[in-house]
Amino acid sequence: MKPTRLLVILLITILAFGAVSCAKEADSAATFDPTVPYTVTIGAYGDLEKAYSAVFASADFKAKFPNVTIQFQTSDFGGHHNRLTTVLAANEQANDIEALEVGFIAQFVETGGLTDLNAAPFNAKKVSGDIVKFAMANATTTKDNLIAMPVDIAPAVLFYREDLARNAGANLDNLASWDEYIEVMKKLADPANGVYAIEHPAAVQAIPLNGGKGGWMDNGKPLEPKAKFLDALKLVQKVKAANVDGDLGAWSGPWSQAYLDGKVATIVNGAWFGGTLRTWLSPEPGKWRVAYLPGKMMASLGGTYLSIPATTPEDRKLVAWEIIKYLTTSSNAQLITFREIDAFPALTSVYKDPVMDEDVAFYGGQKVRKIFADVALNIPENKVTEYDNVILSIWNGSVTAVVNGTSTPEEAYDEALTKVKATIF
Amino acid sequence: MKQLRRSKINWAPYIFISPFFVLFCVFGIYPILYSITTSFFDWKLIGTSAPKFVGLGNYINVLTIDPFFWKALLNTVVLLIFGSLLQHFIAIPLAILINSHAIKRKEFFKTTFFLPYITSTVSVVIIFGMLFDTNYGLVNWIISLFSDGENIRWMQEASGIKIVLSIILNWKFIGWNMVIYLAGLQAIPYELYEAAMIDGASTFRKHISITLPQLLPIIFFGVALSIIGGMQVFEEPFILTGGYDNLGGAENSGLTAAYYLMFTAFKAYRLGKGSAIAWLLFLVIIILNGINRKVTQKLQG
């Protein structure tokens, strides 16, 4: 053999060997190794730890992830998001997985700080086909980066007290419009006995605005389309004028006491509020029912996402992704989370599970989960922006002005728009 | 020769006092200088975009087009007057009363009046929120005993918010100011009062002619502290009006300068603008304390 040919063969062999080992390295870097023990940290808020702990204690999870130990860092809602914002701003390492409420996700969507889960090796698109579209859209940037996976959503419905409705001869199922709802509320309100039809006029304003979760800007223009926002303020004005509310500030002591005393007849809120009623505000089963929102309006009032901070080391991102994938795309995890804390699944394939068709004793045997699922499947997409929280704060001031009668809806809208423009631009 | 001289320096005292200076530089001087720098940048707290130098842009924005700054500053001054300064008119007579021989068990009264100052602000504000609740509040219940009118919506109306905040601030800090004045009163020589007594001065005359002039340096100190604290009031309005989501409640009535500063920096995540507000607030505090000093000097003759 000529020396040149020998050299060529040797070179090809070396290159081939190198290519194979490189491929192996790349492969090993891109794959979660089930034989290596991992400890994954999760930053959570509220009762998420309770739900996810139940998931991680399940036989299915243990069989799939025998090598993974989970540690939680749980705080209250505000504290958790403040910590996360500060840590990411300082470019410091956060937990491997960080939970985000939908109201906060907007801040991170276009500004970075979280790992793109659509990119390799995560390739979220391959596994997210069954997750509700609007929730995926909320977490997707204009460059098609996915910064977090939706784990639960909050389809908005109308909760009402069956006993109070029956006594008042009011029918809250299939309300055709908000005006009809107001008329029904007039029947429900019983000032002599301290019964309010609704907690506060401002409680309805967020519903036509998708619960304040996105949709605050239209093509870069805040509070557009104007009619949508004006209608929300006019609705507040009408509810206030009906004089059926308890003037109760949400989550205040008097607010919770009014529910405990059975003095509030209806509330519009996300599916998760059922858990609050069941475990705290009104534990006695059979009192409450669920109906579609007036005019069968479809809206979302909350939701949780799971993200991987960009500062998480690359090797830990892989195992973090496996855990996120399990929590968001496995029926087992989604159903356990729903059962534990009433957080409605973001995974639509779960909606076909027999559990969704079950009678729910707390709602007097009503099949409420079918309503939740129907709403979930029809919630429209609303674009979130980093300015949402600021606009919401300013908007709340305008709503208060309408409630107090210091501004008409038109004046309140104009004032909010002026303030928003001066603040964010 | 030089080396020898150097070796004679006794380093021990410097080393012993160095922890304070090191910590002061790291946690005091450095953040202050850093915030001056930050105020000249358009700096978003979240995201990966680099801070952009805007010169005095943040200051101009705050002073000219910002829709909340002047409102917040006005609210703060109103609360400063009714919540922080007027209380000195209560704290001084209270201190005189407790300092008098007629009052027994002085320690009990001193402790009682001082307790609100050391009580958790969060708890205090939550409890005051309950007391002033429209439907279930004790205050409205008491008012209803004497009047048949509608319940007062203390926390929903702009003026109601300011009244409740002023009451909270007075309740919390009167005891604190009283203790300061008590210390000042005890430093006034008793001979002055004895001489006045010989001259036949009434008690009221004694306090006007002796106590107040003698107390002027302490009043200056107390008012200066009130101005500094009052201009930075944050926790009380923040908790009472529902935090960042409500920006001070009805008509932004509870929005103070510090509250808006925090909102800008940690809710709107505009760190540069937040720093500019902080420095403007600092300037206002300096000006107000300058006025306080001038007035005190004039009164002292």
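Helices, meaning DSSP runs of H or I with at least four residues, and strands, meaning runs of E with at least two, are numbered from the N terminus. In this predicted model, that numbering places A:Asp342 in the loop between helix 13 (331–341) and strand 10 (344–345) of chain A.

**Chain A overall**

- The C-alpha trace of chain A spans about 105 × 50 × 35 Å along its principal axes, and 48% of the 425 residues of the chain count as buried.

**Domains of chain A**

- Chain A is divided into domain 1, which takes in 38–153 + 302–357, and domain 2, which takes in 203–244 + 387–425.
- The C-alpha centres of domain 1 and domain 2 of chain A lie 31 Å apart, and six residues of domain 1 of chain A are in contact with five residues of domain 2 of chain A.
- On the side of domain 1 of chain A that touches domain 2 of chain A, helix 5 of chain A supplies the largest share, with four residues; by class, that side divides into two nonpolar, four polar and no charged residues.

**Contact between chain A and chain B**

- The contact between the chains takes 28 residues from chain A and 27 residues from chain B.
- On the side of chain A that touches chain B, the elements giving two or more residues are helix 4 (77–89), helix 5 (102–109), helix 10 (253–260), helix 15 (388–404) and helix 16 (409–424) of chain A, and the largest share, ten residues, comes from helix 15 of chain A.
- The side of chain A that touches chain B is made up, by class, of nine nonpolar, 17 polar and two charged residues.

**A helix pair in chain B**

- Helix 9 (residues 158–186) of chain B and helix 11 (residues 203–231) of chain B have axes that come within 9 Å and cross at roughly 140°, which makes helix 9 of chain B oblique to helix 11 of chain B.
- The crossing in which helix 9 of chain B passes helix 11 of chain B is right-handed.
- Helix 9 of chain B makes this contact through B:Asn177, B:Ile180, B:Tyr181, B:Gly184 and B:Leu185, and helix 11 of chain B through B:Thr211, B:Leu215, B:Ile218, B:Phe221 and B:Gly222.
- By class, the contact of helix 9 of chain B with helix 11 of chain B has six nonpolar, four polar and no charged residues.

**Backbone details in chain A**

- The peptide bond from A:Ala120 to A:Pro121 is cis, with omega near 5°, and A:Pro121 lies in the loop between helix 5 and helix 6 (133–138) of chain A.
- The loop between helix 5 and helix 6 of chain A also holds A:Asn123, which has a positive phi of about 45° although it is not a glycine; A:Asn123 counts as partly exposed because it has 14 C-beta neighbours inside 10 Å.
- A cis peptide bond, with omega about 0°, joins A:Glu224 and A:Pro225, and A:Pro225 is placed in the loop between strand 6 (221–222) and helix 9 (226–242) of chain A.
- A:Asp342 is a residue other than glycine with a positive phi, near 65°, and A:Asp342 counts as buried because it has 23 C-beta neighbours inside 10 Å.

Note on methods:
Residues numbered from 1 in each chain as written. Chains lettered and ligands numbered in written order. Predicted model: local features only at pLDDT ≥ 70, side-chain atom pairs only at ≥ 80, totals over all residues. Buried ≥ 20, exposed ≤ 12 C-beta atoms within 10 Å, placed from the backbone. Contact = placed C-beta atoms within 7 Å. Nonpolar A, V, L, I, M, F, W, Y, C, P; charged D, E, K, R; others polar. Axes fitted to C-alpha atoms, helices over the stretch in contact; angles between N-to-C directions. Parallel < 35°, antiparallel > 145°, perpendicular 65-115°, else oblique. Left-handed = near helix turned anticlockwise from the far one by under 90°. Domains from an automatic or database assignment.
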